[in-house]
Every structure is written in structure tokens, then in C-alpha cells.
Amino acid sequence: MVRNYLRRAAWSVFLVAMLAPHIANAALVEVIEYYHATFDHYFVTADGNEIAKLDSGFFTGWQRTGERFTVIDAATSAAGTTPVCRFYGNPQFGLDSHFYSASPAECNAVRAMWPEAWLLESSNVFQVYLPNLNTGSCPAGSVPIYRAWNGRTDSNHRYTTSAAIQNTMTAKGYIAEGYGPGAMPVAMCSPTAVSPGAVPQCTIAASSASPVVGTNVVLTASCSGAPTGYVWSGCSSGNASCTARSDTPGVITYGVTARNANGSGPAAAVNVAWRTAAAPLPPPVCTIAVTTVGTMPVIDTTAVLSASCTNLPGSYSWTGCSSDSSTCYVSETVSGTRSYSLVAANRGGASAPVSVSINWVASASPALDFCGAYPSLLYSAIPWTETILYSVSSPPPGFAWNGVWVGRFTIPPGASASGSGRIDVAEYAGGPIPRDVTVSRFACDFRAQDVTGNNGPVLTANGSSFAGLFTLGPSSLGYAELQAGRTYYVNIRNASADGTISCPAASESCGALLYLRPPR
């Protein structure tokens, strides 16, 4: 995406590389890192509301990695710091990610060059120091923040203060971005609360916390106080990094003590759990959801194919549709039925091909759609598997302000499970917007609830988020009872409790996500 744009731009950064940070009056906060295995995306945030929602599962699929770093709260400031801008990648351009930069020049360049693809969310989410634009060095009292780009069309970045993690990411094919020569350019500098004259304080990061015996692990010390020397235990090195190896399984503790002109700091340690080689990862198993405007798309419009795959695919190969990610956009110029297929692969091998067929029509006909009372119908055919869909990834107008979004799924005959399943509808890239949500045997069914499902929806709700639990057959916990062999519809419309449209007409659409998880 953004590769060191204006890397050596001729503008002043308040001589930040020459100034020691003064953060006594600034509020330090932590940036927390998360990972979404299905998307293979990383995300960082210092926003307490976002952290709470990510930790609670409100945004499904995200898990803490355990990594974090320090920044200055956006509401405070310190001498020589610079605000960090945050952009959101528009899914309509094949993106669904966030990008951060501490460079005002880079922030302005992104706004100017990709105003529709990358949407500015804030010009000041938090504050950091900029490194020297030529050398990449950070001011005293701060440590490097590295940035790695996945180099894919779904453009995702990882931000870390760990040199070991950065080395791991670039070894996977990620591209290091930032300022300074060599393989470790620096994107930003994380402030620390180090007092003048302090001895070094260190932490150790391992390139792998549970490596296979007989392989190498790189241990990297991140220390404050500009160390001039290092003493390692369990590993031989006089530098900030050390390469360790073990030929037997078990937990080994490695340590380091760093020194500077003020003396030696306390010892830091890290445990590495050496293990025998694990069984290879099984190949992915995939399904495809199809989202169109109307139940049958019109030629020259767009249909969205969204793949859901197990076992962390590293590549996607589509037939009949051009994409190298889990999402593919397709359009046809001639009416008729077309088939599209996908093979995903990971280190364990390739998945079995999975296919879907779409019947393209020459012109829209109300007779083909089952929600004629609404000006716009966004329709998703959802497989009976864990699936998450985003209306912002859908063909224009997406989830129209005065329309409905209908997701259709069929429970296979004979399906059974002892646990519960769930259906979630939540805000995404907007809001808060109150919505009517129902789960019914009928499309666009917004009648009063009927637990039998014969004369109304089995589930109903109104609000900015919805989480409906269900079982296959009778439930002792009062959950909705769905039946194997039947087709159900998740009906969503932008409406307040009094039935009035809640999405402003000027917005044209209001984004939401739809999540289905069958019982286990």
C-alpha cells in the first residue's frame, strides 16, 4: 500500500531526532494488538471503547496477540511529538483494514492519492515521535515502532516494537516500511517513561515462543536507556539479539542484562517452550456465500463471492472470477447461469474445489424478488457454516437506507447438534443505527414474533446490535428452535422501534455485518 512515501521528504520534524522527549505532562496509554485468523489481519488500537468491544467478542473473530506498545493519549501532548492519523480501507475497493502513519506528509499523500479507497477516520488517534527521516534513529527515551505490510490486495499492516516479530513478518514475505537504511526501517517511535540517568530496563522477545527442537530462535532485547553492552544467559551474544537452539524438548529460560554509562540494569528473562514437530496443518475446507442486489443479479452489475475457509489459508485461487483473496467481485455481460469455483491452500495442501452458480438476468423483474415492498433488496445466499458478511463489501448501493438485507440459509436434513448456534447483526463502519432484525421461515417478515415459526418470525429484535441464540429442535434454555431441513431468512431493515426509517437518506446506505455460526 503505502511504501515509505516521501521517505526522504525535505521537511522538518522539529529536529525530533535531536531532542530528548519530555513527557512529564503527557498521558501514556497502551496500544493493544489483535489478530483475526480468518482474515489473516492484524489490528492495533488505543481506544478504550474499541478494546472493550474486541475483548467482549462484539467484533467477532479478533483475539489479543499479547503484544502492545506505549503511545501518548491524543488528548494530551509532549514536546516534539506528532499526531498519528488513521485510515480505513474501503471494502468496495477490495480492502477491509486500517492504516496508521505518524508522518503528516504521508497522511496528506494518502488523502490526496486515494480519497475513496482509504477513508480518513481521524487525524489524531494518539501521538508518538517520528524517527530521523534519514537514519531511522529514535529520540532518547523512545523505542522504534516497526511497520510491516502484507503486500496483498487486501492490504494489511502490522505494527510492533519487537525486532524479532518484525524479522518474523518479513521472513513470511511482508515488506518492511519506514525510515532509515537497511532491513529494519522505523515507522514511528514509542515514548517511554525513562528518567534521565536511569540504567537500562529490558524485555526479551522470542521469534517463536514454542519452536520445534533443532531449529533456531532469535531472541531480541528491547531496552530503554541506550545500552552500550549486553550479557546473555543461556545464549551466547554481546549484542541486542541472540540466536538460541535446543535439541531436546522442554522449557528453557533465557536472560539478558544490559548496561549503559549509568550502570547495569535488572536482568530480563523469557521462557521458550521447545517442542517436537507437530502434525501438519490439514488443508482448508471452504464454502462460498453469494451477495447480490436482488435474488438474481442483472448483467453488468456486481455479485460478491465471500469464501469462508478453515485452517488458515495462505492463498486463494478462483476460477471464473479474478481475485487472490477470500472475496471476489464478478460481473457478466450475457444472461444465463455461470459457475464460479475456489481452491484455497495452506502449508498442509489445497482444499477440495467448492463452487457456486449464479443465474444472471437481462433486466430486473419484480417477479423474481420476494421483497417488492422495499425499493432495494440486498440478498445473501449463506452456506450452513460459520460465515461473516459485511454490507459495505456488497454491490452498490449496499444496504440501502430505505431497503432490506435478507440472508437466506438452509439447515441440512438430518442436521443435529447438542450445543447452540447464533446469529449476530451489528454495526459496521457506521452507526449507531437502530434496526429491525427477524429470523423467519419467510423473507422480509417483520411481523410479531411467533415461536412456532408458522405465523411470524421465531426471533425478533430492534436495536443497533442483535445476538440471537438458537438450537436444532427443543431448547431447555428458551432459545429459538429451528428445524433441520428448513430454510430460514435473516431479515434486516434500518428502522427505529416506531417503524420509521433510521438511516439518513443522505447516507444512501448504512453498514452492518451479519454473522452465522451453526450449532456445534
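Colleague: About how much space lies in the largest cavity?
Modeller: One thing first: this is a predicted model, where local features need pLDDT of at least 70 and side-chain atom pairs pLDDT 80 or more, while totals for chains, interfaces and linings use all residues. Residues are numbered from 1 along each chain as its sequence is written, and side-chain values use heavy atoms, with hydrogens and water left out. A search of the whole structure finds three cavities of 30 Å³ or more (a cavity is a set of points on a 1 Å grid where a 1.4 Å probe fits but cannot get out). The largest of them holds about 60 Å³.

Colleague: Nice. Which residues lie closest to the centre of the largest cavity?
Modeller: By class, its lining has five nonpolar, four polar and two charged residues. Of the 11 lining residues (an atom within 4 Å of a point), those closest to the centre are Ser-101, Glu-106, Arg-147, Tyr-179 and Ala-187.

Colleague: And which strand gives the most to the lining of the second largest cavity?
Modeller: That cavity has a volume of about 50 Å³, and its lining includes Glu-67, Arg-68, Phe-69, Tyr-159 and Thr-160. With three residues, the top contributor is S3.

Colleague: On to the cysteines: why is the disulfide of Cys-235 and Cys-242 left-handed or right-handed?
Modeller: It is one of seven disulfides (cysteine sulfur atoms within 2.5 Å), with S to S at 1.9 Å. Both Cys-235 and Cys-242 are buried (under 20% relative accessible area). The torsion about the S-S bond is about -105 degrees, so the link is left-handed.

Colleague: How many residues apart in sequence are the parts that Cys-286 and Cys-309 tie together?
Modeller: The sulfur atoms of Cys-286 and Cys-309 sit 2.2 Å apart, and a torsion of about 115 degrees makes this disulfide right-handed. Cys-286 lies in S18 (286-293) and Cys-309 in S19 (303-309), so the parts are apart in sequence by 23 residues.

Colleague: Last one: which residue of S34 stands opposite Thr-387?
Modeller: Look at the open sheet of five strands, ordered S26-S34-S28-S31-S32 with mixed pairing. Strands S26 (387-390) and S32 (480-482) are its edges, where pairing takes at least two DSSP bridges. S26 pairs with S34 (512-517) in the antiparallel sense over four bridges. There, opposite Thr-387, stands Leu-516.

Note on methods
Helices (H or I, at least four residues) and strands (E, at least two) are DSSP runs, numbered from the N terminus. On a 1 Å grid over the protein atoms alone, a cavity is a set of points where a 1.4 Å probe fits but cannot get out, and a pocket is an open set with protein on both sides within 12 Å along at least five of seven lines; lining residues have an atom within 4 Å of a point. Grid points are joined across faces, edges and corners, and a volume is the space filled by probe spheres set on the points. Ala, Val, Leu, Ile, Met, Phe, Trp, Tyr, Cys and Pro count as nonpolar, Asp, Glu, Lys and Arg as charged, and the others, Gly among them, as polar. Buried means under 20% relative accessible area, exposed over 50%, partly exposed in between (1.4 Å probe, protein chains only).
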